[in-house]
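Here's a quick tour for anyone meeting this structure for the first time. Have a look at the sequence and the model, then read on.

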Amino acid sequence: MTAQLNARGDVAVLVPAAGSGVRLGPGAPKALRLLAGEPLLVHAVRRVAAAPSVRMIVVAAPAAEVDAVRALLEPVAPVVVVAGGAERQDSVAAMLAAVPAGVEIVLVHDAARALTPPELFESVAAAVRGGQPAVIPVLPVVDTIKEVGPGEVVLGTVDRSVLRSVQTPQGFRHDVLAAAHRAGLDSHTDDAGMVEKSGTPVTCVPGSDLALKITRPLDLVIAEALLRVA
Ligand code: CTP
Ligand code: MG
């Protein structure tokens, strides 16, 4: 069952890819949409597999696409494919169940961040290996951020210097992420959110412009342009 990459690696990467991609508009599930002729998931998994610390990759596919995704990834890398759940968090829980206890570091990485370079997996994993229980890649916020109230009336300007935009892969000690999943019933937009709730410190490392999340149609255009220069 355990499809291994590097037997000496200490990292499992979970790739949630079971979303439908509503914001991208009508079409196939987002992870299967094409970017420069290949599905986003193929771009993503190829880059994960190129990170030397990675021992195993688990992908959560839409339930109806599990066999198709297995076949799609077969020539790309050894991957365990499971059926995803209704919410992203359910998909992560299903993948976590496939990670053996001996793997000490778990990274969770959106298939939608298809151009994330292998180096970012290594830097997040290195920070966890160095003793941090939970690590997230971040970028500074570039826009001015306003808080607004009813009627779109501005209430105030938020101090941008203390804000960060958060990406994936997010890295955790295996036991920390597993405990957060056992405890966490609330819904969170990222995995670190669950871990924060449990009181565990979460620390930041520098993110990457290439780790942008493909969410809306314009992001596909930007990603195609990035592929030509990166
Ligand atoms: N995801 C998942 N299972 C879900 C929902 C999301 O595995 N039930 C995955 C998506 O496939 C994606 C990642 O989580 O790789 C981040 O989610 P998002 O960018 O929101 O993707 P979608 O949910 O597919 O997009 P949308 O919210 O526009 O429908
Ligand atoms: Mg979503």
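## Ground rules

A polar contact is a pair of N or O atoms within 3.5 Å; within protein, one must be able to donate a hydrogen and the other to accept it, and residues adjacent in sequence count only if both atoms are side-chain atoms. This is a predicted model, where local features need pLDDT of at least 70 and side-chain atom pairs count only at pLDDT 80 or more, while totals for chains, interfaces and linings use all residues. Residues are numbered from 1 along each chain as its sequence is written, chains are lettered from A and ligands numbered from 1 in the order in which they are written, and side-chain values use heavy atoms, with hydrogens and water left out.

## A buried arginine

Start with R47, which sits in helix α1 (residues 40–49). Helices (H or I, at least four residues) and strands (E, at least two) are DSSP runs, numbered from the N terminus. R47 is buried but has no salt bridge. Buried means under 20% relative accessible area, exposed over 50%, and partly exposed in between (1.4 Å probe, protein chains only). A salt bridge needs a side-chain nitrogen of Lys or Arg within 4 Å of a carboxyl oxygen of Asp or Glu.

The nearest side chain of opposite charge to R47 is E38, 6.7 Å away; here Lys and Arg count as positive and Asp and Glu as negative, with His and the chain ends not counted. What R47 does have is a polar side-chain atom 3.0 Å from the backbone oxygen of H43. Setting aside neighbours within four places in sequence, R47 is also in contact (heavy atoms within 4.5 Å) with A114, L115, T116, P118, F121 and L227.

## Around the ligand

How many residues surround ligand 1? There are 18, and the closest are P16, G21, V22, K30 and S91. To count as near, a residue must have a heavy atom within 4 Å.

Backbone atoms reach the ligand too. One oxygen atom of ligand 1 is 2.9 Å from a polar backbone atom of G19, and a nitrogen atom of ligand 1 is 2.9 Å from one of G85. The protein covers 88% of the 570 Å² of accessible area that ligand 1 has on its own. Such areas come from the Shrake-Rupley method with a 1.4 Å probe; for residues, only the protein chains shown count as cover.

Most residues other than glycine have a negative phi, and most peptide bonds are trans. A36, in the loop between β2 (34–35) and β3 (38–39), has a positive phi of about 50°. E152 has a positive phi of about 60° and lies in the loop between β8 (146–149) and β9 (153–157). A36 is partly exposed at 49% relative accessibility, whereas E152 is exposed at 66%.

Then there's the cis peptide bond between T168 and P169, with omega about 10°. P169 is in the loop between β10 (164–166) and β11 (170–173).

## Charged pairs

The salt bridge count comes to seven. One of them joins the side chains of D10 and R129 (2.7 Å, N to O). D10 is in the segment before β1 (11–16) and R129 in helix α4 (residues 118–129), 119 residues apart.

Which residues form one network through shared partners? R88, D110, R113 and D191 do. Within it, R88 meets D110 at 2.9 Å, and D110 meets R113 at 3.6 Å. Both D110 and R113 are buried, while R88 is partly exposed at 27%.
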